[in-house]
Amino acid sequence: MTRHEDKEAAVRRMMDTPHPPVPADLAVRAEALGARRARRDRVARRVLWTLFVLAALAFTVWASAERPWEVPPTQTTPPLEGW
């Protein structure tokens, strides 16, 4: 037998055994877990969007106060000494 045939035979032996029993409330537990996960994901998305909007608002307020796009005023030259 080749290695592939050995693996196939092992899988067939595993498939011939009786299947384990499934808990009766498995579907209910899976639904509850899915609902909790969906709720948690929805809350996380809302929090991230809120943080994004607050960051954009803070940047807008800062930019309107500081006006970083304007050229800063020129500095005066230092006085000449020793002439």
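These are my notebook entries on a predicted model, taken in the order I looked things up.

**Entry 1: overall form**

I began with the secondary structure and found two helices and zero strands in the protein. I then looked up the extent of the C-alpha trace, which spans about 105 × 40 × 20 Å along its principal axes. The radius of gyration is 34 Å, whereas a compact globule of 83 residues would have one near 12 Å.

Next I asked what share of the 83 residues is buried. Buried residues make up 1% of them. The protein exposes about 8,600 Å², and carbon and sulfur atoms supply 65% of that area.

**Entry 2: helix H1**

Helix H1 runs over residues 3-16, which is 14 residues. From its first C-alpha to its last it reaches 20 Å, close to the 20 Å expected at 1.5 Å a residue. I checked how many of its residues are buried. The number is zero, so H1 lies largely in the open.

I found a salt bridge here between Glu-8 and Arg-12, with the closest N and O atoms 3.0 Å apart. Both residues lie in H1, four residues apart, about one turn of the helix. Glu-8 is partly exposed, because its relative accessible area of 35% falls between the 20% and 50% limits. Arg-12, at 53% relative accessibility, counts as exposed.

**Entry 3: helix H2**

Helix H2 covers residues 26-66. I noted 41 residues and a reach of 59 Å from first C-alpha to last, close to the 60 Å expected at 1.5 Å a residue.

I looked for salt bridges again and found that the side chains of Asp-25 and Arg-29 meet in one, at 3.7 Å from N to O. Both residues are partly exposed: Asp-25 has a relative accessible area of 37%, and Arg-29 stands at 46%.

**Entry 4: a nonpolar patch**

I asked which residues make the nonpolar surface patch of about 660 Å². They are Val-43, Val-47, Leu-48, Leu-51, Leu-54, Leu-57 and Val-61. I took Leu-48 as an example and placed it in H2. Its relative accessibility is 58%, and because the limit for exposed is over 50%, Leu-48 counts as exposed.

**Entry 5: aromatic pairs**

I counted two aromatic pairs in the structure. One is Trp-49 with Phe-52, an edge-to-face pair with 5.7 Å centre to centre and 85° between the planes. Trp-49 and Phe-52 are three residues apart in H2, so about one helical turn separates them. Both count as exposed, Trp-49 at 57% relative accessibility and Phe-52 at 52%.

The other pair is Phe-59 with Trp-62, at 5.8 Å centre to centre. I asked why this pair is called tilted. Phe-59 is exposed, with a relative accessible area of 53%, whereas Trp-62, at 43% relative accessibility, is partly exposed.

**Entry 6: the segment after H2**

I followed the chain past the end of H2 and came to Arg-67. Its phi is near 50°, a positive value in a residue other than glycine. Arg-67 belongs to the segment after H2 and is partly exposed, with a relative accessible area of 42%.

I then asked which residue Arg-67 meets in a salt bridge. The partner is Glu-70, with 3.9 Å from N to O. Glu-70 is partly exposed at 46% relative accessibility. The count of salt bridges comes to three.

Pro-72 also has its place in the segment after H2. At 60% relative accessibility, Pro-72 counts as exposed. I checked its separation from Leu-51, one of the patch residues.

Technical notes: Residues are numbered from 1 along each chain as its sequence is written. This is a predicted model: local features need pLDDT of at least 70, side-chain atom pairs count only at pLDDT 80 or more; totals for chains, interfaces and linings use all residues. Side-chain values use heavy atoms; hydrogens and water are left out. Patches are made of residues with over 30% relative accessible area and no salt bridge: like charges are joined within 9 Å, nonpolar side chains (Val, Leu, Ile, Met, Phe, Trp, Tyr) within 5 Å. Accessible areas come from the Shrake-Rupley method with a 1.4 Å probe; for residues, only the protein chains shown count as cover. A salt bridge is a side-chain nitrogen of Lys or Arg within 4 Å of a carboxyl oxygen of Asp or Glu. Buried means under 20% relative accessible area, exposed over 50%, partly exposed in between (1.4 Å probe, protein chains only). Rings of Phe, Tyr and Trp (its six-membered ring) pair if their centres lie within 6.5 Å; planes under 30 degrees apart count as stacked, over 60 as edge-to-face and the rest as tilted. The radius of gyration is taken over C-alpha atoms; the globule rule is 2.2 Å times the number of residues to the power 0.38. The expected span of a helix is 1.5 Å times one less than its number of residues.
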